[in-house]
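These are my notebook entries on a protein model, kept as each point was looked up.

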Amino acid sequence: MKLPGSLQGRLMALLLPGLVLLWAAVALVSYFETEHELDELLDSHLAQAAALLVVQQLAELEEHDEDHHHGRTVPPPAAQGYSSRTAFQVWHKGQLSLRSSNAPSAPMATHKTGFETLRLSGERWRVFATQGAEHDVLVYVGEQTDSRDDILEAVLRSLLVPAALALPLLALAGWWSVRWGLAPLRALSGQLRQRQPQALQPVAVADAPTEMAPLLEALNQLFGRIATLIEHERRFTADAAHELRTPIAAIRTQAQVALGAVVDEERRHALLQTLAGCDRATHLVQQLLTLSRLEGQAVVGAGSPVVDLAVLARQVAADLGRGALAHRQQLELDAPAPCPVRGDEALLGVLLRNLLDNALRYSPDGAPVRLSLTRDAAGTRLQLEDGGPGLADADQARLGERFFRVLGTGADGSGLGWSIVRRIAATQGASITTGRSASLGGLAVNVHWPSAVTVVS
């Protein structure tokens with residue numbers, strides 16, 4: 001069965017059939033219970049009537065001669081319409097001694113004691129048989145079952161007809177109750193419908209039931225996350241527009257120099273600078289796109305795939321090894337054992353690449369760079385040390401701010417690498433700390449994956 005589209009219609013579609021079924025069940029139980037009680041009541045009346053007849057017959061037999069009463073017929077009471085539906089017989093020593101006018105001359109039942117339901121002259125009768133103390137008197141008292149059915153019908157009619165007439169009123173009351181109960185939802189719907197697109201303040205509904213509290217809380221949390229994302233987007237757009245002006249202006253300047261150059265060497269130098277500016281702008285755009293994609297990235301959980309950091313670190317080190325050789329830098333990797341963690345392989349690769357690229361970029365020619373991976377009961381730890389000049393404590397505290405770069409290093413960069421690294425670490429369940437390398441003298445970066453995301457082999 002297809003349910004209606006509205007919540008109120010669905011509740012009524014589920015409530016009304018249940019109400020009708022409940023009414024039908026009550027009517028059925030009432031029918032059987034009333035029939036049972038009525039049968040017991042009328043059967044007891046038959047038994048009492050039979051007992052009275054036995055006592056009366058014995059008294060008459062003691063007082064008069066039994067032949068005087070042989071086969072006597074008792075007329076029905078005057079003005080008693082129900083009397084035609086009842087009958088009795090009194091037998092004494094196998095002879096019919098007394099009977100009602102509508103009773104047959106043959107025994108009314110086959111049993112000598114107890115109740116029996118049978119047909120007499122085409123009608124169904126309920127007959128009770130009992131014997132006297134000397135077993136020479138046998139009394140039959142019967143009643144047509146149609147009379148019982150009429151009484152049962154009258155009782156049930158007085159009980160169920162008002163209940164059936166009350167069903168529409170119950171349905172109307174249920175409809176009104178459901179509508180009144182859903183009023184807070186309609187109020188919430190009206191608020192959301194009238195809201196402006198930029199309105200992200202929390203929603204409040206007066207007299208909201210406790211069942212709506214999780215919905216309102218989740219909705220307000222959603223508005224909060226949307227507001228945060230919009231603020232990040234606005235700041236991101238403003239920062240990107242500001243930072244892209246510099247490489248674009250440099251490209252334009254070099255292009256103008258190339259156009260005005262009269263010497264081939266000067267023109268070639270300007271064009272090479274133009275290409276370098278394009279590369280810097282491309283790198284900046286790629287970093288911005290990566291950072292934008294990370295804004296909506298979910299945090300890793302138990303169902304995330306498993307990544308071996310040792311294998312991933314060897315791949316990244318091999319990719320950047322050629323640049324290190326060009327600057328005579330000593331790139332060392334210490335990852336003797338597998339280090340499986342749960343996370344996104346592509347994002348973890350970006351994290352390792354940015355950290356290692358920064359270490360190589362800001363270290364002088366011939367400086368050592370060491371990357372090591374270890375595992376223990378607390379989780380997995382990555383340590384990256386370089387032989388560069390290192391950073392002051394104030395500059396280390398600002399690592400991760402967008403477009404922050406330490407001046408005077410002479411290295412190219414967008415200032416987004418550390419923002420990307422910290423955002424990836426947050427989504428992958430890792431923490432990052434920085435300090436000064438005790439062995440190499442430069443910057444030391446420690447990335448720790450706790451045991452919650454470390455896979456135990």
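I began with the terms for accessibility: a residue is buried under 20% relative accessible area, exposed over 50%, and partly exposed in between (1.4 Å probe, protein chains only). By that scale Arg361, at 32% relative accessibility, counts as partly exposed.

I noted that the model is predicted, that local features need pLDDT of at least 70 and side-chain atom pairs pLDDT 80 or more, and that totals for chains, interfaces and linings use all residues. Residues are numbered from 1 along each chain as its sequence is written, and side-chain values use heavy atoms, with hydrogens and water left out.

**Entry 1: salt bridges.** Side chains of opposite charge can pair when their charged atoms come close. I took a salt bridge to be a side-chain nitrogen of Lys or Arg within 4 Å of a carboxyl oxygen of Asp or Glu. I recorded a count of 10 salt bridges by this rule.

**Entry 2: a pair in helix 7.** I looked up Asp357 and found a salt bridge with Arg361, the closest N and O atoms being 2.7 Å apart. The two are separated by about one helical turn because they stand four residues apart in helix 7 (residues 345-361). Helices here are DSSP runs (H or I, at least four residues), as strands are (E, at least two), numbered from the N terminus. Asp357 has a relative accessible area of 25%, so it is partly exposed.

**Entry 3: a pair in helix 2.** I found Glu153 in a salt bridge with Arg157, with 3.0 Å between the closest N and O atoms. Both residues lie in helix 2 (residues 145-181), four residues apart, about one turn of the helix. Glu153 is partly exposed at a relative accessible area of 45%, and Arg157 is partly exposed at 43% relative accessibility.

**Entry 4: a pair across the chain.** Which parts of the chain does the pair of Arg126 and Asp43 link? I first confirmed their salt bridge, at 3.0 Å from N to O. The pair links distant parts of the chain: Arg126 is in strand 5 (residues 123-131) and Asp43 in helix 1 (residues 7-63), 83 residues apart. Asp43 counts as buried because its relative accessibility is 10%. I also noted that Asp39, Asp43, Arg126, Glu143 and Arg148 are linked in a network of salt bridges.
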